[in-house]
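Hi,

Here is the structure I promised to pass on. Have a look at it first, and then read on for what turned up.

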Amino acid sequence: MSTVAKLQRTVLVTGGNKGIGFEVIKKLIKQPSSINDDLILLGSRDLKRGEDALSQLGSPTNVHLLQLDTLSKESISFATNEIKQKYGGQLDVIINNAGIAPTDDSVEEARKTLATNYYGVKLLNDNLIPFLSDHGRVINVASGIGPMVLGYVSKDLQDKYTSATLTSEQLDCLVEDFVLALESNNLEKCGYTTELPYLAYGVSKMALIALTRIEAQQCSDARKIFVYSVCPGYCATDINKHGPGARSAELGADSILHVVNTSDHELKNGAFYRDGTELQQICMDEAKIQAFIQLMKHLSASK
Ligand SMILES: NC(=O)c1ccc[n+]([C@@H]2O[C@H](COP(=O)([O-])OP(=O)(O)OC[C@H]3O[C@@H](n4cnc5c(N)ncnc54)[C@H](OP(=O)(O)O)[C@@H]3O)[C@@H](O)[C@H]2O)c1
């Protein structure tokens, strides 16, 4: 077994080949000299796209490519083994950044979106959290759209998604019930709205925020490991076809890195952050929701 000598921190960034994940890595390698010897694992589902990203970064020796498709159990298992074999099973930070948005409101796209943004993160965390050092942390990249969608569902669903006693099995059932409701054309009856375009994306992110709370509880019960969710803000990237009025992916990366670099005692385990500020798990701000609906309609019409 060949192991790499332990550098200051080992940081995995999934979906690191472009967009916000790529900007996170770019910033990590430019950090002040006290922590610039981080070993960074640049996750990319496609080797060629990962290699291109590495060369765009100038091929720094402390950034290593890790092939990782979060939609594939085999790929997650292969990457887990690689971390064990090559890096001695040592991780300090996991940034679950890889994500997709559905291209339409079909059941097929909803399943793919939930598989990538929710189930893939959950499986990867189940595999990799045992590798985290004490005070290690997990950052699940969610979205402010999650709380907006939660603000729009029935009171019963709001209570279930935000319950302090919600288990991960119950959360899986909530997610599955959503897909079944979509499949059977019963969204309204099951407490969901049909007013929001790309609903599956919002549901995937609200489930991820709930999962973060559950994982944080489990990890702090067992060991000193911290789990947070972060919204990078609305950033111009491929996921939204560089939508109008979006800020830079670089600012999105700052939002994530704030939670990576702030000390444990200044953050609340399991909480949801954007730009260093804790956000509510349910957004009831009607003006924000209406602006979001308009934006989604615009994006949907411009396809
Ligand atoms: N941009 C925004 O306004 C915004 C707002 C809120 C939250 N977010 C979240 O921020 C994260 C990054 O998004 P982005 O804006 O940077 O979008 P992006 O430019 O489309 O990048 C998405 C990244 O995820 C990767 N990815 C997708 N599916 C994957 C899979 N199955 N396995 C591994 N990697 C996969 C993509 O790889 P490929 O190149 O191979 O496709 C790409 O590297 C996502 O979780 C997104 O939901 C974005």
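Let's start with two tyrosines: Tyr228 and Tyr273 are both buried. Keep in mind throughout that this is a predicted model.

Those two rings also form an aromatic pair of the edge-to-face kind, with 6.2 Å from centre to centre and 70° between the planes. Tyr228 sits in strand 6 (residues 226–230) and Tyr273 in strand 7 (residues 272–274), so their pairing ties together parts that are 45 residues apart in sequence.

What does strand 6 pair with? One partner is strand 5 (residues 132–141), in the parallel sense and over 5 bridges; here Ile139 has Tyr228 as its bridge partner. Strand 7 also pairs with strand 6 in the parallel sense, over 2 bridges, and there Phe272 is the bridge partner of Ser229.

The structure holds 3 aromatic pairs. In one of them, the rings of Tyr118 and Tyr119 have centres 4.8 Å apart and planes at 70°, which makes the pair edge-to-face because that angle is over 60 degrees. Are these two buried or exposed? Tyr118 counts as buried because its relative accessibility is 0%, whereas Tyr119, at 28%, counts as partly exposed.

Now for the ligand. There are 29 residues around it, and Asn17, Arg45, Tyr201, Cys235 and Thr237 come nearest.

- Asn17: an N or O atom of the side chain is 2.7 Å from a ligand oxygen.
- Tyr201: an N or O atom of the side chain is 2.6 Å from a ligand oxygen.
- Cys235: a polar backbone atom is 2.8 Å from a ligand oxygen.

How much of the ligand does the protein bury? Taken alone, the ligand exposes 890 Å², and the protein buries 95% of that.

As for the make-up of the shell, it has 12 nonpolar, 11 polar and 6 charged residues. Helix 1 (19–28) and helix 8 (199–222) each supply at least two of the shell residues.

Over to you!

Conventions
Residues numbered from 1 in each chain as written. Predicted model: local features only at pLDDT ≥ 70, side-chain atom pairs only at ≥ 80, totals over all residues. Heavy atoms only, no water. Phe/Tyr/Trp six-rings, centres within 6.5 Å; stacked < 30°, edge-to-face > 60°. Buried < 20%, exposed > 50% of the residue type's maximum accessible area, 1.4 Å probe, protein only. Helix = DSSP H or I, 4+ residues; strand = E, 2+ residues; numbered from the N terminus. Near = heavy atom within 4 Å. Polar contact = N/O pair within 3.5 Å; in protein donor to acceptor, adjacent residues only side chain to side chain. Areas by Shrake-Rupley, 256 points an atom, 1.4 Å probe, with all protein chains shown as cover. Nonpolar A, V, L, I, M, F, W, Y, C, P; charged D, E, K, R; others polar. Pairing = 2+ DSSP bridges.
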